[in-house]
Amino acid sequence: MTTPTRFLPSFGLALGVLALIAGCSQEAGDGKAAGGEKVVNLYSARHYDTDLPLYERFTRETGIRINRIEGNADQLIARMKAEGATSPADLFITADAGALWRAEQAGLFQPVESAVISERIPANLREPSGLWTGFMRRARVVAYDSAKVRPEEVDSYDKLAGPRFRGQICVRSADSIYNLSLVGALIEAWGPERAQAWTRGIVANMARPPEGGDRDQIRAVSAGVCQIALTNSYYYIRMASGDDAADKAVTDRVKLAFTSLDGQGAHVNISGGGVARGAPNKANAIRLLEFFTEAATQEHIARHNNEFPASPAVKAPEPVAAYANFAAHPMAVAAFARRQPEAQKMMSAAGWR
Ligand code: FE
């Protein structure tokens with residue numbers, strides 16, 4: 001999700017677009033661009049064509065036009081920092097609580113009080129002071145070779161680090177914020193010593209040095225490189241239900257296990273967003289953030305991007321419905337998001353590249 005597959009095609013164009021946006025927002029701080037048009041400047045690390053109908057619906061329903069600036073999370077955070085007080089950014093959305101925490105640490109958000117967001121989104125999926133909120137969920141769990149591994153061998157995270165899986169784990173690199181967040185959650189649940197031991201166990205169990213993304217790990221299980229892989233749930237669901245015949249065939253034998261942390265459920269992360277500290281169109285930004293938490297929006301993203309709705313009241317559509325009944329650990333996403341620096345040190349010390 002955070003792969004910069006479609007960052008702006010050229011720096012020159014990027015500057016041009018920014019200049020245009022800055023021009024609009026400086027002329028009017030009331031959410032209206034020159035000429036009275038209502039606008040909102042969305043800095044988005046989401047880069048899916050399937051999101052476009054969402055944006056069109058928002059504009060149809062509210063009359064607010066969305067200017068999108070796309071990039072991966074770190075690029076957009078760097079950009080907002082560089083723009084400083086004159087940033088045209090209104091709303092920043094991205095995947096992973098860890099990325100939202102990085103933006104929070106950089107002072108890029110302002111707290112928002114929204115009764116509809118508080119009502120729709122459970123408290124553990126929001127930053128407590130309102131700086132950011134989740135609107136979709138994903139679990140970081142295990143894909144396993146069902147011919148070699150029994151489901152009960154992968155039903156808890158601590159088992160993955162034991163001798164049963166020596167040389168049998170495929171996992172992406174320590175740079176991956178998904179892994180940082182998972183290790184952060186283990187630190188939060190277990191304390192640093194046990195989390196460090198787990199991290200060393202995972203490194204000892206690696207079938208190969210980390211390479212590729214989560215789907216590559218799942219494919220490697222199918223190819224016999226390893227017996228289990230750590231993956232975000234939506235990658236597996238996309239392979240199992242998508243149009244790629246080879247990927248679909250992989251999931252005939254490779255299955256998904258919702259690994260549990262201390263018997264309390266799978267490690268859950270979010271896609272979410274927060275209103276920019278200096279948002280020139282603040283009211284429109286809040287409206288767009290609330291729009292992301294609407295049931296229809298969550299259903300759309302679940303259907304097309306295979307994440308789970310964050311609201312318990314929103315029924316998961318196909319194809320995610322078949323996977324949606326898993327037990328989710330109730331840990332606050334903000335609690336593990338802030339453990340990234342510790343997790344990074346720990347993984348580095350363990351030799352997780
Ligand atoms: Fe992703």
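User: Let's start with Gly-278: is that residue buried, partly exposed or exposed?

Analyst: Bearing in mind that this is a predicted model, Gly-278 counts as partly exposed, because its relative accessibility is 47% and that class lies between the cut-offs of 20% and 50%.

User: And where is Gly-278 placed?

Analyst: Gly-278 sits in the loop that runs between strand 8 (267-275) and helix 12 (282-292).

User: How far apart are Gly-278 and Asn-124?

Analyst: In sequence, Gly-278 and Asn-124 are separated by 154 residues, and in space their C-alpha atoms are 26 Å apart.

User: Changing topic, how many cavities of 30 Å³ or more are there?

Analyst: The count comes to one cavity of 30 Å³ or more, and the space in the largest cavity is about 40 Å³.

User: What about the largest nonpolar core, which residues touch the most other members?

Analyst: That core holds 110 residues, and Tyr-157, Trp-198 and Trp-352 are the ones that touch the most other members. Its largest share comes from helix 7 (residues 177-190), which contributes nine residues.

User: Which domains does this core draw on?

Analyst: At least three residues of this core come from each of domain 1 (3-136 + 269-321) and domain 2 (138-266 + 333-350).

Definitions and conventions. Residues numbered from 1 in each chain as written. Predicted model: local features only at pLDDT ≥ 70, side-chain atom pairs only at ≥ 80, totals over all residues. Heavy atoms only, no water. 1 Å grid on protein atoms, 1.4 Å probe; cavity = no way out; pocket = protein on both sides within 12 Å on 5 of 7 lines; lining within 4 Å. Points joined across faces, edges and corners; volume = space filled by probe spheres on them. Core = buried A, V, L, I, M, F, W, Y, C linked by side-chain atoms within 4.5 Å. Buried < 20%, exposed > 50% of the residue type's maximum accessible area, 1.4 Å probe, protein only. Helix = DSSP H or I, 4+ residues; strand = E, 2+ residues; numbered from the N terminus. Domains from an automatic or database assignment.
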